[in-house]
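The notes follow the order in which I looked things up.

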Amino acid sequence: MHLLVLGATGPCGLLIIEQALALNHSVVAYVRSPQKLPSSITLNPAVKVIEGQLTDQKKLLEAMDGVHAVLSALGPAVKNGPFHPSDTPLARAYALLIDTMRSRDVKRLILLGTASMKDENDKFSIQFSVLVSGVAIFAHNAYKDVVAIGRTVRAASEDLIWTIARVPLLTEKPEKEYVAGYIGDGRTGTHLARAAFAAFVLHELEANEWCRKAPLISSP
């Protein structure tokens, strides 16, 4: 498939690109800072790099040309948590992205989410309650933006086939194994390797097991 990857210069985005290329997909990396991409990606003939902002629909339209699916690792930067803008910029970017996808007839979107996005299938978990409450208190604007992303995606028209891959605390471990379920189901935990997040995204792209659902992905 020909894939558009957002958040491509971040740790999760880079892993999505690397794993996509290993599976013989071609990639459009839409980035603000192309210099942050390693040469192993920029020099790969299966990769096209387009520099642009999330607010630039003309550039997004260019990036969307011929794309079969959008894979997004966008999220508030952890280091900027307390200083994240209050006007939900990422949720607004997703609204523009979804509108652009519709105009290009691109229907598949798999995106990074967090436990702050509640789901009707979740059950009570003291561990996740503490984690989410901490984010809501100490990084409230980031929390508010993440919640708004979930609402924006869920409110999209039925022709958008979305999957929100909600993640707990992310680690740098190389393991790609994961379990997918919901908070408090007795299977999912509080940690996930970034490599496993990317593995879930690429598997879901082919399997379509979680369409219009928001599973929590964690390490086994």
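**Helix packing**

I began with helix 3, which passes helix 4 in a right-handed crossing; a crossing is called right-handed if the near helix is turned clockwise from the far one by less than a right angle, and left-handed if anticlockwise. I note that this is a predicted model, in which local features need pLDDT of at least 70 and side-chain atom pairs count only at pLDDT 80 or more, while totals for chains, interfaces and linings use all residues. Residues are numbered from 1 along each chain as its sequence is written, and side-chain values use heavy atoms, with hydrogens and water left out.

For helix 3 (residues 57-64) and helix 4 (residues 89-103) I found a packing angle of about 50°, with the axes 10 Å apart. Axes here are lines fitted to C-alpha atoms, for helices over the stretch in contact, and angles run from 0 to 180 degrees between N-to-C directions. Helices (H or I, at least four residues) and strands (E, at least two) are DSSP runs, numbered from the N terminus. The two helices are therefore oblique to each other, given that angles under 35 degrees count as roughly parallel, over 145 as roughly antiparallel, 65 to 115 as roughly perpendicular and the rest as oblique.

On the helix 3 side I listed Gln57, Leu60, Leu61 and Met64, which meet Leu96, Leu97, Asp99, Thr100, Met101 and Ser103 in helix 4, contact meaning heavy atoms within 4.5 Å. By class, this contact has six nonpolar, three polar and one charged residues (Ala, Val, Leu, Ile, Met, Phe, Trp, Tyr, Cys and Pro count as nonpolar, Asp, Glu, Lys and Arg as charged, and the others, Gly among them, as polar).

I then turned to helix 4 and helix 6 (residues 140-154), which pack at an angle of about 20° with their axes 7 Å apart, and that makes helix 4 roughly parallel to helix 6. Helix 4 contributes Pro89, Leu90, Ala91, Tyr94, Ala95 and Ile98 to the contact, and helix 6 contributes Asp145, Ala148, Ile149, Thr152 and Val153. I sorted these residues into nine nonpolar, one polar and one charged.

Helix 1 (residues 11-22) packs against helix 7 (residues 194-207) at an angle of about 50°, with the axes 9 Å apart, and the crossing of helix 1 with helix 7 is right-handed.

**Cores**

Which residues have the most contacts inside the largest nonpolar core? In this core of 35 residues they are Ile16, Ile17, Phe197 and Val201; a nonpolar core is a set of buried Ala, Val, Leu, Ile, Met, Phe, Trp, Tyr and Cys residues joined through side-chain atoms within 4.5 Å. Helix 7 gives the most to this core, with seven residues. I also noted a second, separate core of 31 residues, which includes Val67, Leu90, Ala91 and Leu96.

**Backbone and exposure**

Thr88, in the loop between strand 4 and helix 4, has a positive phi of about 45° although it is not a glycine. Thr88 is buried, with a relative accessible area of 17% (buried means under 20%, exposed over 50%, partly exposed in between, with a 1.4 Å probe and protein chains only).

Asp105 lies in the loop between helix 4 and strand 5, and its phi is positive too, about 60°, although it is not a glycine. Asp105 is exposed, with a relative accessible area of 53%.
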